[in-house]
Amino acid sequence: MTPIAEEAARAARVLHPEDHRMPRPAHRRVITVANQKGGVGKTTSTVNLAAALALHGARVLVVDLDPQGNASTALGVDHRSGVPSIYEVLIGEITLDQAAQVCDRSQDLYCVPATIDLAGAEIELVSMMNRESRLRQALSTEALDRLDVDYVLVDCPPSLGLLTLNAMVAAPEVLIPIQCEYYALEGLSQLLSNIGLVQSHLNPSLHVSTILLTMYDGRTKLADQVTHEVRDHFGDIVLRTVIPRSVKVSEAPGFGQTVLTYDPGSRGAMSYLDAAREFAMRAAVAERRTESAAASSTGDHG
């Protein structure tokens, strides 16, 4: 195949997903996407994984918890000041489903946007009751049932403040994007320490379920060294799929799109599609193993 033909074939896989549907999880998954280091592909990974899952059979909600509102921009939802947003949800003025908007590109993809009002939320939350549990209360079973979503992805700000703490208290899973660059592991120990503290005191079910390697440049030895180091240290929770450096991935948010709709035949789009499929399949396999073990245990007792 010529390069153009290959790109067309890849685009067809993205835009016509009927033959490539991903399994929906048996139970709703709530995932916090966190890394206090900026520029690691956190928001990019959140929106593109969400778009890939939504294009291939799942219903997905993105909660934009970053005052910069970059996830809202990338998903093409209105996040001007005054628009119902996660800020009003956190302070208890409205419910989560009242703030959720359907994204233009997919009827199965929702976003609760972040507006500039969220910038002052950390200060306001300090004096509130249950200040670290506001998002968990908002992500109630009732609110999520009304939206009927399979996945909730929470995009955190690049800090370890009260907003990120709320995200960790609200979700059992953490997905950490790590860039394949020299300072990749810088600050990661602090993030893992905070996750451990939240697990001990506020959310016993919290765990790092997934690590995604981003900004991989195959032309450099350093990228391979970082990849091997992360895989050696974290083992099976690191996805096999690696996200390459890509101009298209960087350009897409400027057009209010994810890379899957902006340039569906690009390497970046296919990488996020593969990462989403691996992410979904791993959970499906784990669920089958758990069910099988439970059935075996019941049979043994019988």
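**Burial, pockets and a cavity**

Trainee: Why does Phe234 count as buried?

Mentor: Buried means under 20% relative accessible area, with exposed over 50% and partly exposed in between (1.4 Å probe, protein chains only). Phe234 therefore counts as buried, since its relative accessibility is 17%.

Trainee: On what basis are such values computed?

Mentor: This is a predicted model, in which local features need pLDDT of at least 70 and side-chain atom pairs count only at pLDDT 80 or more, while totals for chains, interfaces and linings use all residues. Residues are numbered from 1 along each chain as its sequence is written, and side-chain values use heavy atoms, with hydrogens and water left out.

Trainee: In which element does Phe234 lie, and what distance separates its C-alpha atom from that of Thr210?

Mentor: Helices (H or I, at least four residues) and strands (E, at least two) are DSSP runs, numbered from the N terminus. By that numbering, Phe234 belongs to helix 11. Thr210 is 24 residues away along the chain, and the two C-alpha atoms are separated by 9.5 Å.

Trainee: Which unit do strand 7, helix 11 and strand 8 make?

Mentor: Strand 7 (residues 207-216) and strand 8 run parallel and are joined by 3 bridges; two strands pair if DSSP finds at least two bridges between them. Leu213 has Val242 in strand 8 as its bridge partner. A crossover is right-handed if, with the strands pointing away from the viewer, the path from the first strand over the helix to the second runs clockwise. With helix 11 (residues 221-234), the two strands make a right-handed β-α-β unit.

Trainee: How many residues of helix 2 are buried?

Mentor: Helix 2 (residues 42-55) reaches 20 Å from its first C-alpha to its last, close to the 20 Å expected; the expected span is 1.5 Å times one less than the number of residues. Among its buried residues are Lys42, Val47 and Leu53. Helix 2 is mostly covered, the buried count out of its 14 residues being 12.

Trainee: Which element gives the largest share of the lining of the largest pocket?

Mentor: On a 1 Å grid over the protein atoms alone, a pocket is an open set with protein on both sides within 12 Å along at least five of seven lines, a cavity is a set of points where a 1.4 Å probe fits but cannot get out, and lining residues have an atom within 4 Å of a point. The largest pocket has a volume of about 410 Å³, a volume being the space filled by probe spheres set on grid points joined across faces, edges and corners. Of its 22 lining residues, Gly39, Gly41, Lys42, Thr44 and Met215 are the closest to its centre. The largest share, 3 residues, comes from helix 2.

Trainee: How many charged residues are in the lining of the second largest pocket?

Mentor: The second largest pocket holds about 250 Å³ of space, and helix 14 gives the most to its lining, with 5 residues. Ala, Val, Leu, Ile, Met, Phe, Trp, Tyr, Cys and Pro count as nonpolar, Asp, Glu, Lys and Arg as charged, and the others, Gly among them, as polar. Beside 7 nonpolar and 3 polar residues, the charged ones number 6.

Trainee: What is the volume of the largest cavity?

Mentor: The count comes to 1 cavity of 30 Å³ or more. Ala51, Leu55 and Arg105 are among the residues that line the largest cavity, whose volume is about 90 Å³.
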